Structures are given as C-alpha cells and as structure tokens.
Amino acid sequence: MRTCSCLNIFIWTCMLHVVDLTPLEERMNRYLKRERTISLSEDHGKILRRTKRGWMWNQFFLLEEYTGTDTQYVGKLHTDQDKGDGNLKYILTGDGAGSLFIIDENTGDIHAAKKLDREEKSLYVLRAKAIDRKTGRQVEPESEFIIKIHDINDNEPKFTKELYTASVPEMSGVGTSVIQVMATDADDANYGNSAKIVYSILQGQPYFSVDPESGIIKTALPDMSRENREQYQVVIQAKDMGGQMGGLSGTTTVNITLTDVNNNPPRFPLSTYQFSSSESVPLGTPLGRIKANDPDVGKNAEMEYSLVEGDGSDMFDIITDKDTQEGIITVKKQLDFEKKMQYILRAEASNIYTDPRFRHLGPFKDTAVVKISVEDVDEPPVFSKSFYLIEVDEDVKEGSIIGQVMAYDPDSIKNLIKYSVDRHTDMDRIFNIHSANGSIFTLKPLDREAYPWHNITITATEINNPKQSSHIPVFIRILDINDHAPEFAKYYETFVCENAKPGQLIQTISVMDKDDPPRGHKFFFEPVPEIPLNPNFTIVDNKDNTAGVLTRKDGYSRHKMNTYLLPILIFDNDYPIQSSTGTLTIRVCACDNQGNMQSCNAEALILSAGLSTGALIAILLCILILLILVVLFTALKRQRKKEPLIISKDDVRDNIVTYNDEGGGEEDTQAFDIGTLRNPEARDDSKLRRDVMPETIFQIRRTAPLWENIDVQDFIHRRLKENDSDPSAPPYDSLATYAYEGNDSIADSLSSLESLTADGNQDYDYLSDWGPRFKKLADLYGGDDSDRD
C-alpha cells in the first residue's frame, strides 16, 4: 500500500527502538492479518479470495516535550483512490483531533499543534476517513489508529517522605535493618531506563548503608554505643537511568536514633561517703543521699539501694528515690552518743532490670562505704516507763505514799533531776511528789464515788539546765472501799387496802449502793432488832437484792390508823459490812374487790395517788354546781324577802354566838348528827328545822351534789355558807360551831379518858420491844390493862 511510504517518513522523526505492542496496537494489526489470510465462507461452500484494502496504516509515534520551532510532524494519511486532483477530503476525529492534532484535509498530513506530556496522557486514539468532495461519499471506510507518545527522561525520582525518622537499638550487629525508604519516578518504566532507580547513601557513612535496589537502610558498624552518640542524620539519594551519568536524582533525610539497652552497670563516683547526725533526731529523719551513676536511660537506669553489711545496718535504713534514682539514708532506731559515736555501713546500688545479652559486661551493681558520725546533744530526762499506773485504796490516809516515778539523764554528765506535779492536771491539789526521789503522796482524802480516776502529769527537770524537762502521764485508779451503806433506790409510795388478806404482797423494794465491790452487790433485808416481829407487816428477802413487804393480818382500818411506818434494816456483804435503816410509809386506803385503790385520807391522796383525771372532772362539776346554786340563791333572795323572826331594837345579827357547851349526847335531838357528816348522802334534805315555823320555810329545790369526792370539812364549810346566805334561818349572822361529841356517837372517842370502858382491852406489851425511844410510851400504856389496837 502507498501508506507505507508515509509511515517511513514518520519513523525518521522517531527514535529507533523496538515498538511494544499494546492492546490497541493489536486491534490495528487485525487489519493486516485480514489482508494476509484467506478465510473460507460457509455460504454455498465457496472459497473466498483475499481482498486488497484501499488504505491502511500502523500506529504513529511522537516524542513528548518537543521543543522545536515548527510543529512536530506526526504522519500522513493517503488512499490509492486519491488521484491528486483534490476531489478527496481527509477528516480526522477522536482524542485531541482539531486541538492537539491537525490534519491537512487535502494532503492528509498530520501535525502536533502543542507540546505533549506523556505523564499526562501516553496515547491518543483517533479515527480517519476519506470522502469525495462532490458526492460526499466515503471512498474509504472509517479506520481507527493510535498515536503513542514516546517517553523521555524528564522526571527525577521523588521519595514518599521528605524526612524519615527511625530508631535502632544500640550495640546492634552489622546489617541490622533500620528502615526502608522508597522513591517513585513518573517516567515510563517500560521504555528505556528513565524510571529505573538506584539508591545510594550520600551522608551517614560508615555507620549505615543502603541497599541500592530496595532502599533498606542497615547498620554498617558493630556495637554502636548510644552513650557515645545517640543521633545520626543519613542522606539517601535515588537516581534514575540505572544510576548512570545523565540520570536525574532526588534525595531524602533519615534521622536515626540509637535506643538504649542496659549495657552499663551503675557505678558510685565516690568510694566513701561521710554523714553526721544528732543523737536526738526523730526516727525516719533523712541523714543524706548517695547516688550511683548509670549511663543508661529509662528503666535500664533504674536501680535500688540496700545496706548489705556494716556495724549499724540495724540502726539505719536506705530507701530509693524513684524520681532522682538516689539512695536516702534514714534513722531506723534511736541514736545514742553515749553508746556509739560512729557507724560504718556498706551501701549497694544494683540495676532492677538486666539484659541477658550483656551480662558478660556485669556485674550490674556497685558498693560504697558510708560512715555516719553521731553528735552529742544535751537531752532531756528519760522516764523508765512510757506511762505509770498506780492503784490506791480510797481510805488511804493523807500524806501516804502511793507510788513512785523514776527518770534519768541520758547524757554522760548525768545531771541531777527534780520532780514536780503539773498543777494544770491537779487543780484541787490532791497529790504531790517528792522532788528528789519521785515519790507520789496524797494531800487530801480520796473518794472513789466522786472521782474514780485521777490523771496527772509529772515533770522531770534537770537541775543544772531547767530547759531540759520531760513529762509523763500518771494514771491513778482509786480502789473501792465499802464505806457507803445501801439505801432505798427511790421513795416508795406504798398503800394497803382495808380489805387486805394476810400474806398479800403490797410492795417490792430494791436498793442501791454507791460502792462497787469487785464481786458485785449482795444485799440482805431484815426487820429492825427493836421490833423483830411486826404484827401488821412482814419482810421477805427475795435473795435477788430485792425484798417484798407482805401483810400479816386480815383487814386494816383507816379510822383506827391510816398510816403505818415500817422500818427495814438493809446491809451488804462486803467488808466492812455497811447497813442502814429505811422506813417505809404505808397508808391505808379503801379498795375495791380487785385491790384497786379507791380513796385514802386527804393527805394520802395528795402524796401517793394524786388526782386522777376522773377526780379532776368531778371537782370541776362540783364547782360548776356550786356556782349555779349561788346564782339561784341570789335570784330567790331578790324575788322573796322573808320577814325575820326578831324585829326589835336589840338586833343581834351582828353578834357572834359560840356554842361551846357540851350537850346531852345522842339523846339531844338538837345536836348535830355526826353520822350525817360521815355520810352526807344520808341526810334528810326535807327535814324541817325545829326553830322555824313550817309555813315560813321556803323550800328550795337543790341539785344533788357529787358527795363522793367531798370530805367532812368541805361539807361543814358549805353548810355554814348556806346558813349565812339564808336571812330566814336563825340565828341570822351567828357562827354555828359543830364541836360537840355526844355519848353514844357512832364515832369512837379520840380521847383516852374513857378507854377503860371499851369493850376490849388493848395489849401494848410490844411497846417495850421498840427500844429506848418508846420507853415512856410503854410505861404509860404497858401492863395487863393496855388497850389492843
């Protein structure tokens, strides 16, 4: 074909090299294969002959980065249908047609209008066709061809990082990998050596090397020491064209650090260390610091200190400061200049972590001598004990020695010591101490019940140097002595029912004692010796530090005796035995069938039972009724004024008449009935007075008061008030005195004049057993004719 001549012209502008076929190139070669092969057609079994194509061309080649003045010629399109008369027109379409690639439509010459860069686009696919200008018919079918851009070495290698950082352990062997660097080249790796990179080291020799092909940096010297040099800067070059002359290159920097390994044992800079300490320093006081040097860093330099030997290893201790890696020597026991003035120790510093690979460089420890001098100071006195406990009986006599404290001067001078009591701890000055020998003695009597413990402070002071003093607490325990008698635990309000039966428990008594015997309290109860057998009550010891009071007779009478005094002897079992007599006051009260108290005399109710809620309500109701009665009386007086019996000039209403004569007893009907006083409810309110005419008496309807809570005295006062407020009742303003006691009164006489005429005689022989205090009474009532209670 004629197009082959055009192709030869294009090859003249290209570099001579073997053309690598691409998949697109293979597509173009299919056309050549079709011209050189004969295919069999299946239609009618006929053999098809090769048909000659009108035009054909291979791919074109074009150099990148063309710098000539004229446009770069690419190639020429031509068909054998072209007669040269200008009837045919060549048209080019595809990648860059019209902009990058321009075709002469008359001649078919193709030129590159711009400078091309293979790194931007390495090949262009275009289509060409030839048409008849007159008819517009294609004289050749549209055909595809490729323009491939040939590479030139216009890109230098570039590393993936501008700066690399790496580390490798010190003492590593030769050839130990450190890091791999990598560079890339934008040129075509399949075309020539433009992209073939070779690595080399420009800076960092002889310590490191680099593999020219892989870019792996390795150590080049054995046993590099971090302590000698830690940081290295290595410059690596990457060059294309296989490292040949004219190739382009790029560089990068690699900072390499040698990491530490424990290859250095600790070493003390001094063989001997000197320290001094006062003998009075507190325990745990630091005396000084020692430090061993270790060139390693981090955990490889961590060490611990210990005292391995010496004559004072039990007196001192050494601790490790983790921050500074120093050994701190401290006081473990109290120093004493008088016992030892200097100590010689041996301290050891050793690494905590070791590397087995470098044990041959050891041992990884070192020792040094530590000398400690003890300085003498003037010390205060020292007591023989940290505290003193003294026990003393509470009955100790004043001035008695109860204990002793001892102190000494620890200094070699052995100054004399005097003792004293800190009066801030003994404000009452109960104790004192002999200043010379430390003997403690009492100044005042002791009382365990008031102060069972005394905590005082004793001071020991050097006589020659009063500033040197020490204090010690002294705890004084007062031991109990049985010097208090037992007594009733409380005041007992005891009562006995009038209907009580013999053997009834009316009170349980408990006692208390201020003493504190070591074996506990044990109390006993007995009647007093003067009255060993009481006819009314008996005492029963319950054997549990309590006693019960029981009745001994059947029934008691408030009218005969409303109060009994029962003396009880109480004693303990400690030595010396202490006893006391407690008197129990027993009141006689009226009770119901269940033994519940209902009423006692006025004094008993106030002292023992008090006023219950029901009694208070009853009293309030009575007061309200009295107020109503007063209002009624006042209203009736205003409505009806009764003519008085005596109307004369000798009006005696202002006189006071006293009836102080004795009447004729119960036969005297004019006398007042004492039974009414005892039982106000039984009085006859409708009984007419004998000294007033029946028609003149104004009957007043009164509301029955609540008499159950009103005694005789209240009743008399109320009756007097009623008489005074009634103008129709004689003797008008006189004062009626109810003081007569008749012969046959149901109330027994309180006088002893007629005691001989009583139905029975009282036996008072027991009065002689009550002791000298009742001797006179026994003489008056003793004998065979004594009345019995």
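# Exercises on a sheet, a buried aspartate and salt bridges

Ile390 has Ile476 of strand E32 as its bridge partner. The model is predicted: local features need pLDDT of at least 70, side-chain atom pairs count only at pLDDT 80 or more, and totals for chains, interfaces and linings use all residues. Residues are numbered from 1 along each chain as its sequence is written, and side-chain values use heavy atoms, with hydrogens and water left out.

**Exercise 1.** Find the order of the strands in the open sheet and name its edge strands.

*Solution.* Begin with the terms: strands (E, at least two residues) are DSSP runs numbered from the N terminus, and two strands pair if DSSP finds at least two bridges between them. The order of the four strands is E25-E32-E31-E28, with mixed pairing. At the edges are E25 (388–393) and E28 (417–421), each of which pairs on one side only.

**Exercise 2.** Decide whether Asp260 is buried or exposed, and describe its surroundings.

*Solution.* Locate the residue: Asp260 sits in the loop between strand E16 (249–259) and strand E17 (272–278). Its relative accessible area is 16%. Buried means under 20%, exposed over 50%, and partly exposed in between (1.4 Å probe, protein chains only), so Asp260 is buried. Next, list contacts (heavy atoms within 4.5 Å): beyond four places in sequence, Asp260 touches Glu170, Arg226, Glu227, Asp296, Val297 and Asn300. The side chain of Asp260 makes a polar contact with that of Asn300 at 3.0 Å. Such a contact is a pair of N or O atoms within 3.5 Å; within protein, one must be able to donate a hydrogen and the other to accept it, and residues adjacent in sequence count only if both atoms are side-chain atoms. Finally, Asp260 belongs to a salt-bridge network with Arg226, Glu227 and Glu230.

Technical notes
Salt bridge = Lys/Arg side-chain N within 4 Å of Asp/Glu carboxyl O.
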